[in-house]
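Me: I would like to learn how to read the features of a structural model, one at a time. Please give the general idea first and then the case at hand.

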Amino acid sequence: MTGQVRGVQLARLLGQWHALPGRRRSPDYAALAGTVRGLLADGRLPLGVRLPAERELAEALRISRTTVTAAYRQLRETGHLASRRGAGSWTMLPGNHRVASTGLWTPLDDREMLDLGVAALAAPPQLLTAARAATEDLPRYLGGAGYHPTGIIELREAVADAYAARGLPTSADQIMVTSGTQHALDLVLRLALAPGGSVLVESPTYPNALAALAGRRARITTHGLAADGWEPDLLLGSLRQTRPKLAYLIPEFQNPTGHLMPASLRERVVAAAHAVGTDLVIDESFVDLPLDGTELPPPVGVYDRHSRVISIGGMSKPYWGGLRIGWVRASAPQVQRLAAVRVGVDMASPVLDQLVAVHLLADADAIVAERRVQLAVQRDALLGALAQRLPDWRVTVPRGGVTLWAELDGPVSSALARAAEEVGVRLAPGPRFGLDGTMERFLRLPFTLPAADLVEAVGRIAAVRYDLDRTGRQRWREPAVIA
Ligand SMILES: Cc1ncc(COP(=O)(O)O)c(C=O)c1O
């Protein structure tokens, strides 16, 4: 959505604005203005877009024009709207906040904040040892120019070996090292998707994947996940009917829901994709993190006989996001084409960081085993705190990954996130994981913080949840990036 938002579009985004918590005591125009501020805060209503004329919005919402006039006036007063007579009104933020072009904001580093917006662990203790060992290795590379567009060979071999160990024979020339999984996705989209191309994604899905797709102006269709995961007939039916150029799926411990796609569906999805000419981009970010001894189905690539599957993954979830190491697994010719795209973007990943990754992967079994134990303990602490403090919320116990997807006791996710900021908890509200302003009944909760912090965070969330109906308008807070 750029330039202008029409009355019906804004009405859809506004959703249940007249029935939101805290609403009872405020007049209609204030509730409307408050909901528009909420949409701006969530990044669902971009900055710098022209809002519909007052009469158009009044018609779309079936309310009086004076209500819209008063709401726009309040938005101007709070610094969320700029108007020019005869030309219209544009969205903005108070105090000249700067915003990335994706609509996501850069987070302030706030050490006091319990950050449940980011689903990633702190670094493992082995990282320092690996970094020291990497500096010892560096001299082997210093005699060369240091540009390796597909990655240094020893890391590509280590990643290829890990695929082979999961039952998918892979050679080093099928691997390209990237600066994180997000970078891998961006490069694959540049190669495989013309601007405006059609893409199928799960709903809910990972918000930064949606941001990458927005960067390609993708036309997106969604497969809605049910409470227990993918609905095979609907997913295969969507592929056959919409015949998208590409489908982006997260089969292992899907972000945000935590679902694991069964082997039978993997096989059928690959066959259907091939039949309709769809490329599958399979995000394996969480594949190393099954919990409770959960057995993993074979990688999606196992069922691929026609180079339809491009897998992406990385070090961020099992090891550390700050490492910025990810990869693509594709056919060798596709890797060469990706490398050609990549030199127009960032040339290559840092050699030193790749060497750190090599050392971490050499110790993968021990490190990942510890991570799984840690995550299971933290997940159980989070579940226990939720059962105690927010017993009306419904959660499915995830068998892996780092997040759970809670169904709340009302459509309050965005309001709750704003209220939680006030008490030092950053949340990623449900609508950030969808496209159309739905999912207000859901909240993603990662279990990546220490157990004590999770319990504390749930306590604070529970306190503001029960205050929500009584509080008035929330103060404006700068929204933050979700990862
Ligand atoms: C599904 C998914 N893909 C990609 C990423 C980004 O990973 P990276 O830090 O490797 O770029 C994340 C991080 O949260 C994720 O959950």
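Reply: Let us begin with burial. A residue counts as buried when its relative accessible area is under 20%. In this predicted model, Pro244 has 2% relative accessibility and is therefore buried. Pro244 sits in the loop between helix H10 (232-242) and strand S7 (246-249).

Me: Where is Trp405 placed, and is Trp405 buried or exposed?

Reply: Trp405 belongs to strand S12. Its relative accessible area is 11%, so Trp405 is buried. The C-alpha atoms of Trp405 and Phe442 are 6.7 Å apart, and the two residues are 37 residues apart along the chain.

Me: What is the strand order of the open sheet of 4 strands, and which strands stand at the edges?

Reply: The order is S11-S12-S15-S14, and the pairing is antiparallel. Strand S11 (394-395) and strand S14 (428-429) are at the edges; each has a single partner strand, so one side of each has no neighbour in the sheet.

Me: How many residues of strand S5 are buried, and which strand do 6 bridges join to S5?

Reply: In strand S5 (residues 198-203), 6 of the 6 residues are buried. Cover is present on both faces: Ser198, Leu200 and Glu202 are buried on one side, and Val199, Val201 and Ser203 on the other. The strand joined to S5 by 6 bridges is S6 (residues 219-224), and the two run parallel. Val201, for instance, has Thr222 as its bridge partner in S6.

Me: Which backbone features deserve attention in the loops?

Reply: Consider the omega angle and then the phi angle. The peptide bond from Ser203 to Pro204 is cis, with omega near 5°, and Pro204 lies in the loop between S5 and helix H9 (207-215). Asn255 and Pro256 are also joined by a cis peptide bond, with omega about 15°. Pro256 is located in the loop between S7 and helix H11 (263-276). As for phi, Asp292 has a positive value near 55° and is not glycine; Asp292 lies in the loop between S8 and S9. With a relative accessible area of 43%, Asp292 is partly exposed. Ser307, likewise a residue other than glycine, has a positive phi near 55° and is placed in the loop between S8 and S9. Its relative accessibility of 38% makes Ser307 partly exposed.

Me: How are salt bridges to be read, and how many does a search of the whole structure find?

Reply: Side chains of opposite charge can pair when their charged atoms come close. The search finds 19 salt bridges. Among them, Asp137 pairs with Arg140, with the closest N and O atoms 3.7 Å apart. Asp137 counts as buried at 17% relative accessibility, whereas Arg140 counts as exposed at 54%.

Me: Why does the salt bridge between Asp279 and Arg308 tie together parts that are apart in sequence?

Reply: The side chains of Asp279 and Arg308 meet with an N to O distance of 3.0 Å. Asp279 is in strand S8 (residues 279-283) and Arg308 is in the loop between S8 and strand S9 (309-314), so the pair links parts 29 residues apart in sequence. Both Asp279 and Arg308 are buried. A network also exists: salt bridges with shared partners join Asp292, Arg379, Asp380 and Arg399.

Me: Finally, how many residues surround the ligand, and what are their classes?

Reply: The ligand is surrounded by 14 residues, the closest being Thr181, Asn255, Asp283, Ser316 and Lys317. By class, the shell holds 5 nonpolar, 6 polar and 3 charged residues. For polar contacts, the cut-off is 3.5 Å between N or O atoms. A ligand nitrogen is 2.6 Å from an N or O atom in the side chain of Asp283. A polar side-chain atom of Ser316 is 2.7 Å from a ligand oxygen, and a polar side-chain atom of Lys317 is 2.6 Å from a ligand oxygen. Taken alone, the ligand exposes 400 Å², of which the protein buries 95%.

Key:
Residues numbered from 1 in each chain as written. Predicted model: local features only at pLDDT ≥ 70, side-chain atom pairs only at ≥ 80, totals over all residues. Heavy atoms only, no water. Near = heavy atom within 4 Å. Polar contact = N/O pair within 3.5 Å; in protein donor to acceptor, adjacent residues only side chain to side chain. Areas by Shrake-Rupley, 256 points an atom, 1.4 Å probe, with all protein chains shown as cover. Nonpolar A, V, L, I, M, F, W, Y, C, P; charged D, E, K, R; others polar. Salt bridge = Lys/Arg side-chain N within 4 Å of Asp/Glu carboxyl O. Buried < 20%, exposed > 50% of the residue type's maximum accessible area, 1.4 Å probe, protein only. Pairing = 2+ DSSP bridges.
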